[in-house]
Amino acid sequence: MKKFKRTTVTAALPYANGPLHIGHIAGAYLPADTYVRFLRQRGEDVVFICGSDEHGVAITLGAKKEGVSPRQFVDKYHHLMKQAFEDFGIGFDIYSRTSNPTHHETAKEFFTNIYNKGIFLEETSDQYYDEQEQIFLADRYIIGTCPNCKHTNAYGDQCEKCGTSLSPKQLINPRSTVSGKTPVLRPTKHWYFPLDKYEAWLKEWIVEGHKQDWKINVYGQCKSWIDQGLQPRSITRDLDWGVSVPLPDAAGKVLYVWFDAPIGYISATKELKPAGWEKYWKDPETRLIHFIGKDNIVFHCIIFPAILKAAGDYILPDNVPANEFLNLEGDKISTSRNHAVWLHEYLADFPGRRDELRYVLTSISPETKDADFTWKDYQQKVNSELVSIFGNFVNRVMVLTWKYFDGKVPAEHELPATDERRKKILDHYHKAHADLNVSVKEMIRALQDFRFREAQFQLMNMARIGNKFLADTEPWKVAKEDMEAVGCILNYALTIVGNLAIACDPFLPDASRNIKRQLNSSSFDASWKQFWIKEELINAIPQHHQLGQAELLYKNIENEEIEKQIEKLRRTKMENEKSAPLVKALKPEITIDDFSKLDIRIGKVLSAERMEKSNKLLKLKVDTGIDQRTVLSGIAQHYTPEEMVGKQVTLIANLAPRKMMGIESQGMILMAEDLDGKLRLVFPSEIVTPGSTVS
RNA sequence: GGCGCGGUAGCUCAGGUGGUUAGAGCGUUGGAUUCAUAACCCAAAGGUCGGGGGUUCAACUCCCCCCCGCGCUACCA
């Protein structure tokens with residue numbers, strides 16, 4: 001592998017529209033922090049960059065909802081997140097924010113730089129405009145009736161009821177959420193980044209260049225994107241919140257949040273090191289690593305690198321170890337449904353138990369597939385691994401040393417194998433030592449490869465070996481006859497404890513500090529970084545050294561504590577169900593004249609088949625009494641073609657024809673939608689003649 | 001529908017250029033032990049490696065088809 005002089009580590013900029021939950025932590029911040037701690041232990045030059053992502057329409061929308069300005073809105077969440085990170089002990093070198101002036105300048109420089117190279121495309125297209133407010137409406141500022149499920153408050157980019165992604169022009173009866181008025185289409189100019197022109201380069205860089213070293217999920221996703229063909233992407237928006245486009249004819253336009261956000265990494269580095277930031281972003285001997293969740297892969301692996309490439313003389317990410325998602329008690333974590341374990345709430349409910357959360361989240365880290373956090377599992381892992389194996393080992397060594405040597409590290413010397421027992425002790429010592437060194441090497445290798453689950457497992461294995469060493473050598477028995485041998489055993493046991501204190505720093509920083517305190521190691525622990533360099537057990541503690549008081553590292557998580565948490569989630573779920581409207585709201589009143597415009601008839605399905613390349617559409621041939629016509633209906637997930645044939649259906653016969661997937665649909669079949677989204681046919685209670693009208 | 005990733009013991013996961021009885025930790029059960037937070041140590045039970053075909057002397061590992069989970073994508077008058 002290429003040798004680098006320094007490392008720039010970024011963790012995804014969290015979006016400032018809500019608090020942090022354990023999914024965020026497990027996905028990006030904890031692995032990043034673990035990795036950075038590892039590099040720092042080795043004495044490497046590393047910067048660890050993060051900050052709040054504060055632009056975009058969702059922010060303005062959220063602010064509006066809370067009745068505050070975007071500024072106040074992002075201030076609130078920025079400080080909440082910053083505090084939670086700090087309280088949890090994520091050790092960023094800087095936690096910045098994209099609303100900073102430095103960031104605005106940097107982002108504008110990026111734009112101008114690329115603009116001056118003539119790389120951007122300019123294009124004018126029709127978008128919805130609110131005439132009363134005199135603003136262009138971003139997708140999420142437009143609501144209307146969802147063409148799919150008829151939900152009356154679907155957003156312009158997505159219907160939250162049925163999950164369909166939309167474009168504003170698909171909405172029926174669009175209206176502006178700002179003024180409530182019906183918006184009009186008006187031309188507007190935007191700038192596009194020609195991703196397609198970077199396709200060949202991306203292919204070479206990723207598909208050929210990173211086949212071996214990028215995680216398979218990341219690589220596969222990138223390859224899929226590139227193979228599908230890349231399109232130019234719009235990088236500006238009509239909005240008054242964000243980084244304004246630095247061009248004379250661009251009033252009211254800002255950079256698209258996805259263009260400016262990753263640049264935030266660079267701005268934050270500038271802020272951290274005004275003089276020396278460039279070497280962290282432009283020196284080919286710097287290694288750039290992005291820690292993100294899988295939702296960010298395309299931006300960090302495709303778009304941002306292309307932008308860096310276009311800007312010129314920037315380095316590209318050497319690796320992007322994206323994680324999959326974390327679920328909670330079998331369900332997706334959801335901010336809107338409040339189905340989450342919020343970081344700040346965890347810290348308040350479990351004071352002094354940061355390591356515990358780190359440990360469990362790393363042990364279930366969604367490195368290769370989505371993982372599930374359950375409180376029961378949390379309790380079990382803490383109690384049976386952290387407490388029983390790790391904490392207990394440290395404690396028993398401390399207690400034994402105090403018991404037999406008044407807390408003074410026994411002399412380390414060659415133990416002459418003068419009898420059977422000593423011989424056995426020496427055998428166990430050699431075995432333990434060899435096993436420990438294997439674990440140390442495996443742990444470090446795993447850390448280098450971003451396999452944090454495995455790395456932490458090897459750490460625990462060190463404690464397991466320690467426990468076994470004590471059980472095998474039984475110093476409490478030997479003490480009755482051979483104190484010199486006991487001294488040797490405990491000297492080595494303390495060596496293991498010292499090495500554990502070193503090794504656990506990336507994973508369990510609080511325990512590391514705590515053990516150092518117990519070992520009273522401040523006078524010599526500066527030499528401990530040799531552990532990370534030699535990649536083997538070091539002689540951590542000098543003989544005759546006076547230890548501090550023994551203290552339990554962790555205590556058991558009691559049933560009541562986790563039951564409280566489970567109950568909390570259960571209550572939220574119940575409240576959600578209670579408060580969720582069971583039936584949809586009534587639509588505005590209409591007149592009999594409105595109704596009489598509809599020509600609703602009963603038809604009979606003559607034939608039915610699946611549409612090619614669609615998993616929702618069925619192509620039906622319907623006898624309407626008047627004619628036989630083709631009707632496409634999005635019911636393929638609810639009815640098979642076979643069961644549709646011969647069925648009587650209710651259809652709107654005078655609806656304007658509409659082409660879908662190349663075929664014209666002449667009418668619409670009426671369906672009842674159950675609360676769970678299931679569609680059921682509506683038809684007369686007894687067979688009627690095709691063509692019968694409905695009124 | 002297309003594409004990507006995944007589906008291995010109760011749980012969390014390893015593994016594999018195809019080759020003797022498929023591994024680990026936790027959990028469970030039994031034993032041993034007492035320095036330790038009833039912890040540690042030893043041992044055992046537990047898997048038709050998502051399903052079905054195929055290639056092969058031999059497949060969990062390669063090929064084909066299918067099913068399930070997650071994501072991206074097309075589509076749902």
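## Overall architecture

A contact means heavy atoms within 4.5 Å. By that criterion, residues 24 or more positions apart account for 74% of the contacts in chain A with a separation of 6 or more. This is a predicted model, in which local features need pLDDT of at least 70, side-chain atom pairs count only at pLDDT 80 or more, and totals for chains, interfaces and linings use all residues. Residues are numbered from 1 along each chain as its sequence is written, chains are lettered from A and ligands numbered from 1 in the order in which they are written, and side-chain values use heavy atoms, with hydrogens and water left out.

Chain A contains 21 helices and 27 strands, taken as DSSP runs numbered from the N terminus (helices H or I, at least four residues; strands E, at least two). The C-alpha trace spans about 110 × 65 × 50 Å along its principal axes. Of the 695 residues in chain A, 51% are buried, where buried means under 20% relative accessible area, exposed over 50%, and partly exposed in between (1.4 Å probe, protein chains only).

T10 lies in strand 1 (residues 6-11). T10 counts as buried because its relative accessibility is 0%. Leaving aside residues up to four places away in sequence, T10 touches I49, Y265, W281, L288, I289, H290 and F291.

Strand 2 (residues 45-52) runs parallel to strand 3, and four bridges join them; pairing requires at least two DSSP bridges between two strands. C50 has Y95 in strand 3 as its bridge partner. Strand 3 (residues 94-97) is covered on both faces, with I94 and S96 buried on one side and Y95 and R97 buried on the other.

## Helix packing

Helix 2 (residues 57-66) and helix 3 (residues 70-88) have axes that come within 8 Å and cross at roughly 95°. Helix 2 is therefore roughly perpendicular to helix 3 (under 35 degrees is roughly parallel, over 145 roughly antiparallel, 65 to 115 roughly perpendicular, the rest oblique). Axes are lines fitted to C-alpha atoms, for helices over the stretch in contact, with angles from 0 to 180 degrees between N-to-C directions. I59, T60, G62, A63 and E66 of helix 2 meet P70, F73, V74, K76 and Y77 of helix 3.

Helix 1 (residues 22-41) packs against helix 13 (residues 420-448) at an angle of about 120°, with the axes 10 Å apart. This angle makes helix 1 oblique to helix 13. The contact involves T34, Y35 and F38 of helix 1 and I444, L447 and Q448 of helix 13.
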